[in-house]
Amino acid sequence: MKSSSKNIHIGVHKSDPYFNSVVPPIYPSSTYRFANAHEGALRFSGKKKGVIYSRFTNPTVYALEKRLAALEGAERALATSSGMAAIMLTLLHFLKSGDSIVAHNVLYGGTYEFIGRILPRYGIKVHLINVNDTTSLEKCIDKTTKMIYFETPTNPLLEIIDIAKIVNIAKKYKILTVVDNTFAPPPMQYPHKMGVDIVIHSLTKYIGGHSDLIGGAIIGSLEKISPLYLHSYIFFGPTMSPFTAFLVLRGLTTLEIRLKKQTENAEKVAKFLEKHSKVEKVYYPGLVSHPQYDLAKKQMNGAGGVLSFEVKGGYQAGEKLVNAVKMITLAVSLGAVESLIEHPASMTHSELTPDERKKSGISDSLIRLAIGIEDIADIIEDLTQAFQKI
Ligand SMILES: *Cc1c(COP(=O)(O)O)cnc(C)c1O
């Protein structure tokens, strides 16, 4: 099957042996009956397949995990209760005291906090650098380096990290690569197919797609994911609820058509903003003016629905703008059917110190837009009337 068909069909087959339901059923049971003591022993030892207890896995969650693995072209996926749970588990499973990690210096706010401030408390050395600068990257690597971690495009400035280049370096030194692919889910970008070991998603964003759930995923080869499952996942307990899994399964069925529409809309909004007299600068990898336009073209299929821009007049003008929109919603998050607007310095990136924000290039006048699937005319009209008020 091609990818858009897999997003609809994987995980359905045999998920309901009693009624042959067309969609995967929700199994709320926390525990599963054994026919007898011998069968219970066989299931616990792994000699017989079957569900035991829903913290380990659940039929609805497992159906989603199969679909998520297929989505990235990988062997195994684990669904988690949030994107942060997936990130926490991946970092704490693969890293231990005495190890070091190299991560890109622009990361999702929560991840920046976890890597920069929590990992050092566990004796893990952290290098936060520009990983696109491969000379600095190789300089950081020594025998304690166990992981290279990044997101691409980055949030909120949509900088592109060269996946192939970093995979090459990681392979040379036998270091694990982890990419948070939340901003570019397939078919936009396939990091695992490009050689990245572990792909993480916040399912809360594009994949769920409707601002109605929190979830995460860890995806990779059986060789990498099986030990993570057996030695960490079931004991940390970051399990996803079957009700959430059902919603994500439904979200996945329309992922490709939503992404296509969001990208088309975002391209038009980016061009509109670029020409607007009250806009200083637009950050969108689908614009020819983006300094990494060629790299984005090379490793991505479309630039996605998120863009950011600097308003002339600083924070005050930005504040007026986000207060003046009518249809577009003032809220954080992204990848949903409705368009969202937010102010990174006071919202998503407020955990960073002013100095960290400055180093990351996040100014006080930066506004982030996550474009939805509304009619483009309505989005442009809303922005036009909002700009008139500043
Ligand atoms: C939202 C987000 C996360 C965190 O996911 P939650 O589901 O909110 O826990 C991690 N990484 C990126 C890039 C995100 O956008």
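Reader: Where does aspartate 162 lie?

Author: Aspartate 162 sits in the loop between strand 4 (145–151) and helix 7 (163–173). Helices (H or I, at least four residues) and strands (E, at least two) are DSSP runs, numbered from the N terminus. This is a predicted model: local features need pLDDT of at least 70, side-chain atom pairs count only at pLDDT 80 or more, and totals for chains, interfaces and linings use all residues. Residues are numbered from 1 along each chain as its sequence is written, and side-chain values use heavy atoms, with hydrogens and water left out.

Reader: How do you know that aspartate 162 has no salt bridge?

Author: Look at the nearest side chain of opposite charge, lysine 165, 4.4 Å away. A salt bridge needs a side-chain nitrogen of Lys or Arg within 4 Å of a carboxyl oxygen of Asp or Glu. Aspartate 162 therefore has none, although it is buried.

Reader: What does the side chain of aspartate 162 reach, and which residues does aspartate 162 touch?

Author: The side chain reaches the backbone nitrogen of lysine 165 at 3.3 Å. Not counting residues up to four places away in sequence, aspartate 162 touches Asn132, Leu295, Lys298 and Gln299. Contact here means heavy atoms within 4.5 Å.

Reader: What makes the link between aspartate 99 and lysine 146 a salt bridge?

Author: The closest N and O atoms are 2.9 Å apart. Aspartate 99 lies in the loop between helix 4 (83–94) and strand 2 (100–104), and lysine 146 in strand 4, so the pair ties together parts that are 47 residues apart in sequence. Aspartate 99 also forms a salt bridge with lysine 96, at 3.5 Å. The search of the whole structure finds 11 salt bridges.

Reader: Why are aspartate 99, lysine 146 and lysine 96 put in their accessibility classes?

Author: The scale is relative accessible area: buried under 20%, exposed over 50%, partly exposed in between (1.4 Å probe, protein chains only). Aspartate 99 has 4%, so it counts as buried. Lysine 146 has 32%, so it counts as partly exposed. Lysine 96 has 52%, so it counts as exposed.

Reader: Why is the pair of phenylalanine 34 and phenylalanine 44 called edge-to-face?

Author: A search of the whole structure finds 4 aromatic pairs. For phenylalanine 34 and phenylalanine 44, the ring centres are 6.3 Å apart and the planes at 75°, so the pair is edge-to-face. Rings of Phe, Tyr and Trp (its six-membered ring) pair if their centres lie within 6.5 Å; planes under 30 degrees apart are stacked, over 60 edge-to-face, the rest tilted. Phenylalanine 34 is partly exposed at 29%. Phenylalanine 44 is exposed at 55%.

Reader: How do you know that tyrosine 53 and phenylalanine 56 are edge-to-face?

Author: Their ring centres are 5.6 Å apart and their planes at 70°, so the pair is edge-to-face. Tyrosine 53, with a relative accessible area of 35%, is partly exposed.

Reader: Which residues of helix 12 (residues 314–324) are buried, and what puts them on the same side?

Author: Ala317, Gly318, Leu321, Val322 and Ala324 are buried. They cover an arc of only 160° around the axis, which puts them on the same side of helix 12. The arc is taken from the directions from the helix axis to the C-beta atoms. On the other side, Gln316, Lys320 and Asn323 are exposed. The cover over the buried residues includes strand 9 (306–311) and helix 14 (376–388).

Definitions and conventions:
Lys and Arg count as positive and Asp and Glu as negative; His and the chain ends are not counted. A polar contact is a pair of N or O atoms within 3.5 Å; within protein, one must be able to donate a hydrogen and the other to accept it, and residues adjacent in sequence count only if both atoms are side-chain atoms.
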